[in-house]
Each structure stands twice: as C-alpha cells, then as structure tokens.
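Student: I've got a model open on my screen and a few things I'd like to talk through. Could you walk me through it?

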Amino acid sequence: MRTSGEAERVARLLGVWRGETPVSVPLRDALAELIDGSHLPAGWRMPGQRALTGALGVARGTVARAYTELTASGHLTATRGSGTYVRGAGGLARPEEGRLTSFGGGPVVVDLSSGALPGSELIADVMPEVAGQLREHHLHDTGYHPAGLPELRAALAARITGQGLPTRADQVLVTAGSQQAVWLIATALAGPGTSSVVEDPSYRGALQALVSAGGRVRGIPFTEAGVDLNLLEAAADADLLYVQTALHNPTGVHMPEAQRRALADIAARHGTLVVDDQSQAELGWFRSQPLPGLERMADPERLLIVGTLSKLFWGGLRVGWVRGPREIIGRLAALRGSIDLGGPIADQVAALHLLPQADRQRELRRAFLARQFAGTAEVLREVLPRWRWSTPVGGSGLWADTGQDAVALAQRALARGIRLTAGPAFSPHHGHRTRVRLPIWHPQGRLADAVRVIADLQETRWP
C-alpha cells in the first residue's frame, strides 16, 4: 500500500501552489509542472488520492479532479487495480500544444530550463561534402548499422586512443546522442535487483534513465572537488557508479586529478563498473583541450566512457558514443538494435567531417561561453544580488542558489512565460530545493528581461 510518506514527498515538492482559482486548477497545474520538469519521473507511481488529500489538507474531490485532468492531458495514466502512474514530461499533448497552452497558462516567452547550445555554422559548411560522400559510398547499401558507421567507430577509437586510452573500433558504440548512450547503459545494466550510485546533484537525464530501469539509485553528496569520496567508499559495492569527472552537469565542476585517481582506486577495490559521462568535457572555459576524466586512471575492463558531439557542435546532430569492454559494447549494440536499426547515416558522415574541426569549434565555444558567463554574472549581481553561485570551469549553465523555494519560484515563473528547472530535478533524493540551473547562452537583453521578472516574483512572494 502506498504510504503517506510518498504523499508528503509530493506535498514538499509542490511547495506553495494554491491560487485564487478553484483549488483543483492550481493543484493540477503544479503537479503538471513537477512532471514536465522531471521532478516526478516517468513510471513513478503517484500516491493514492486519500493519502495526498491528507498531506495537502484538501477535499478528496480536489485531488480526484486534478488526477482526472492530468490523465486526460497525458501526464498520468491510471491502471485498474494498480494505481496512477506518471507518463512523463509533456504527456500526450499534441505536438503543437505545450502544457501551458493546454491549461491556459499562456505561451513560454523564455525557456531557461535547458543548457542546450545553438548550433555551429560548421555543420552547414560540411553538408555539401556529406552529400557527395553519401552518393559515392553509402546510398547503395541498406544504411542500417546498429553499432554505428564503421568508419566513424574507427575514427572515434583513434580519437580516444589519442586521449590516453588505447581503443579498438569494436570497443565503441555510436549512439543517437549521449542521452541514448546513458539510456542503453541503464536499461542493460541497472535493471531490477541492481543498485546504482550517482553524484547528488547529477545529470537529470541519467537519473531518469536509471530510475526508469527499475534498480535502486542512491546519491552521494557533491563537494567543490567532486563526489564526496569518504561517503563513496561506503557505497562503492554498488553494481554501477555513474559520475561526470571531466565536467559535471549541473555544477560545472571538474574533478581534480588527485580526486579522480582516488575515485578510480575505490572503484577498483570494490570491482565497481564505472560510467564516466564526459558529454560536457569539450566545454571547458579555461583549457584549450577537452577536460580529462578517468580514461588514464580507471581499469578499462570496468569503465564505460560516454561522449557526444551534440554539446560541441549542435544538439540537432545526434551523434554520441560509448567506449567500453567489447562484451558490454556488444550487449548495448544488441539492445540498441531492438529499438533502433541505427542512427542517421548523414549525421554520422557529418561527424566524420566535423571531428577534424573539433579544436576550432572548441575555441569558438570557449570564447562564446566565457563572454556569455561574464554578461550573465553581471545581470545576476545587479538584478538578483541574493543569488549565490561558484564560478564553473565550463559548461553552459550556472548552478545558482536562490535562497528561496526554487520549485515554487519555477511554478510562478511559468505563469509569467519563463520556464526554469529547479534543483530537485537533478537529485535522486529530491534535494537542492533552493537551487536552479540557469543557462548562460541566451542573448543578454532577453536574459535580463527574464531575470527582472524572476526578481519581481521573488520580491512579491518573499519580501
């Protein structure tokens, strides 16, 4: 039976949600915002109506109406005799409709919920060469390569070897971005009966993949030097350890060499399989080369490295990869083949042409992000002087402490057309409630306007 503890957890996540409209309307909207922000992950069983009624102090009919409308919008699904489950962010809304349109909240004016960067002009520049190579070499075959285009696997293997980890092409799986890579790992290796350890906070896409896989997920507190190694030692008997040692999302921390070596030693002593997600490694602000991770330190037979070109070049270029032991790569490729016969060949051919230009693009990204950070920091210091953050070493966002209930702030901002992602979305234990991850790449004028609205909301609600 669902305990009142889960209902109290939902109540804490909701924060202050009541408005002047009938009570079921703001409750429905607030629950939808938690789902859209992945605070309530897909597949999670909602507390029973009676339990949530008690936790919120409302009439049972209020919760029942909210659940019914969220089921109609596709956010929830009800299973007879089992309960009500989260279907996922955005539910089944029509492509032209977002949650705000469906619920009358108005259009999103500024989306500050994602750190995804604008695309590089270099992608358009290589497309004529891509077209020529497709005509000459690829259009005559089926185009199905579940493990990735052989030429790209070989190029990535050479690149990883150059970074200090000898790699063969059959140790690389090309994926549709790093998110698919993480999903494949979670689904294949972190199912029911397993335990996974992650940093807290961590990449929210990885958290959702691990939780959805059905295994137990435990978070280890994060420090200014990375995951707390003393606490990790006590939890390192887990089946899988997911970390981001090169450049951490959402904090922007690079784990120093001594701590990386200590982490690798802990994993080796316990025989733990380590996933080092290096998706952000190309986005360092103060270094011309990719930020290093565990590739020179951890046992390669117990190490999976995740990488991507989507952060460096463009999110629309769906090319990521996993480097690992041949046996595990084979398992992941078989799983990938059951859902996806292979990534777009055009994207992979484009990746072949873009890899030699990675150094140039890294410099462009570095200059752009450094400039954007300086402008964003200036705006925040002027408009939101109570917010606090540590300067990241890279990445596309700030992990800012608002000093207030950021979940409630995000709900109010959404009503004003500004989408924020609050800290609990990055935590397996729904912590960091005063934090937001704020992207820095938006044009400064647009960002400043959004920040002024947020400041007005804070002053109005929390004098």
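This is a predicted model: local features need pLDDT of at least 70, side-chain atom pairs count only at pLDDT 80 or more; totals for chains, interfaces and linings use all residues.

Tutor: Residues are numbered from 1 along each chain as its sequence is written, and side-chain values use heavy atoms, with hydrogens and water left out.

Student: Which residue does a cis peptide bond join to proline 201?

Tutor: Most peptide bonds are trans. Proline 201 sits in the loop between β5 (195-200) and α9 (204-213); helices (H or I, at least four residues) and strands (E, at least two) are DSSP runs, numbered from the N terminus. The omega here is about 15°, and the partner is aspartate 200.

Student: And what is omega for the cis bond between asparagine 249 and proline 250?

Tutor: Proline 250 belongs to the loop between β8 (240-243) and α11 (257-270). Its cis bond with asparagine 249 has an omega of about 25°.

Student: Is histidine 430 buried or exposed, or partly exposed?

Tutor: Histidine 430 is in the loop between β13 (418-420) and β14 (435-439), and has a positive phi of about 60° although it isn't a glycine. Buried means under 20% relative accessible area, exposed over 50%, and partly exposed in between (1.4 Å probe, protein chains only). At 22%, histidine 430 comes out as partly exposed.

Student: What is the relative accessibility of histidine 432?

Tutor: Histidine 432 is also placed in the loop between β13 and β14. Its phi is positive too, about 60°, though it is not a glycine. It counts as partly exposed, with a relative accessibility of 27%.

Student: How many charged residues are in the lining of the second largest pocket?

Tutor: A pocket is an open set of points on a 1 Å grid over the protein atoms alone, where a 1.4 Å probe fits, with protein on both sides within 12 Å along at least five of seven lines; lining residues have an atom within 4 Å of a point. This one is lined by 26 residues, with Ser114, Ala116, Tyr203, Asn249 and Lys311 nearest its centre. Ala, Val, Leu, Ile, Met, Phe, Trp, Tyr, Cys and Pro count as nonpolar, Asp, Glu, Lys and Arg as charged, and the others, Gly among them, as polar. By class, the lining has seven nonpolar, 15 polar and, as for charged residues, four.

Student: Which residue meets glutamate 233 in a salt bridge?

Tutor: A salt bridge is a side-chain nitrogen of Lys or Arg within 4 Å of a carboxyl oxygen of Asp or Glu, and by this rule the count comes to 14. Here the N to O distance is 2.4 Å, and the partner is arginine 269. Glutamate 233 lies in helix α10 (residues 229-235) and its partner in helix α11, so the pair ties together parts 36 residues apart in sequence.

Student: What is the relative accessible area of arginine 362?

Tutor: Arginine 362 meets aspartate 359 in a salt bridge (2.9 Å, N to O), both in helix α14 (residues 358-383), three residues apart, about one turn. Arg159, Glu282, Asp359 and Arg362 are linked in a network of salt bridges. Aspartate 359 is partly exposed at 44%, whereas arginine 362 is buried, with a value of 3%.
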